[in-house]
Amino acid sequence: MLHAVSSATITLTDAGLPSARVDAELLAAHVLDVPRGQLAIAAGFTSEQLTAYRSLVARRAAGEPVQHLIGSAPFRYLELAVGPGVFVPRPETELLAGWGIQGSGPAPVVVDLCSGSGAIALAVAQEVPGATVYAVERSPAALEWLRRNASGTGVTVVAGDASDPAVLAELDGRVDLVLCNPPYVPAGAPVPADVADHDPEDAVFAGPDGLAVIRPVIARAAALLRGGGRFGVEHDDTHGDAVPALLRADGRFTEVMDHQDLAGRPRFATASRSLAIGHGRLTPRDAL
Ligand SMILES: C[S@@+](CC[C@H](N)C(=O)[O-])C[C@H]1O[C@@H](n2cnc3c(N)ncnc32)[C@H](O)[C@@H]1O
């Protein structure tokens, strides 16, 4: 079996895949139905398993994401079901989820906008005691994966446009935390082949400047949040200035700051909803 894994590593390296050894091991562990860490002590492949393994390695060499081949992707303490039609959650998004989780008080109301597989929503629901979590997603294909992942977790799945003021309008002014990993790549910008070929286009690209979803989501987050509530949004690494500037320009946020990922690239912006309700100033009603 270890010989088959070494041989697969060579095949995947020759195909230009940067994580060839990890992928070869993940596929072997999947076929053997054991954790990757136990491969060294696992029984060898049967001939049927070897055939299945070689077929998966060939598909990986042809560019299919390893997560699609395995049927799941890790995210913090979760394994999420993923496949064609849904964005595969990325490790860098764990930082945004972690920021939200770490700053949460007891039993918060949390909204995950652009939820995809449900990665952020489900991580919050798992890690924050008593959280009431809503996951908003627009794509019918992604919603199927989201519903499957959210089943039995208590997370409420909402089919709708994250920028639509009517979606979750009943929560306006009551939400403690809004998190969002939206599409944010400028249309036409080059992306790796596995992203271009396998991630849904509307999960990746967002208009000519990549801000077409973030702009209305900022407005929606400001409406959903209570005074003092927190907002975190992931963005393109070229938007480390642009997204904080949009948050400041909205006028309803304070404590605006940007955060880097583990590679030192600008990755997500955070802010607090100002205590004054209204669009950047106290309205007569709120001043009472
Ligand atoms: C980059 S993916 C992120 C998915 C998930 N939050 C994650 O971190 O893995 C963006 C998701 O937003 C969804 N989406 C795009 N525009 C949307 C909109 N206006 N309203 C709701 N969902 C939207 C896409 O279908 C996709 O699932």
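Is Glu 137 buried or exposed? Glu 137 is buried, at a relative accessible area of 11% (buried means under 20%, exposed over 50% and partly exposed in between, using a 1.4 Å probe and protein chains only). Before going on, some ground rules: the model is predicted, so local features need pLDDT of at least 70 and side-chain atom pairs count only at pLDDT 80 or more, while totals for chains, interfaces and linings use all residues. Residues are numbered from 1 along each chain as its sequence is written, and side-chain values use heavy atoms, with hydrogens and water left out.

Glu 137 sits in strand β4, residues 132–137 (strands are DSSP runs of E with at least two residues, helices are runs of H or I with at least four, and both are numbered from the N terminus). Beyond its neighbours within four places in sequence, its contacts (heavy atoms within 4.5 Å) include Cys 114, Ser 115 and Gly 116.

Now for Asn 181. An unreviewed UniProt entry annotates Glu 137 and Asn 181 as "binding site"; such annotations may be inferred rather than shown by experiment, and the positions follow the numbering used here, with feature names shortened. They are spread over 45 residues of sequence yet cluster in space, with a largest C-alpha distance of 11.1 Å.

Asn 181 is in the loop between β6 (175–180) and α8 (193–198), and counts as buried at 15% relative accessibility. Leaving aside neighbours within four places in sequence, Asn 181 touches residues including Phe 87, Cys 114 and Glu 234.
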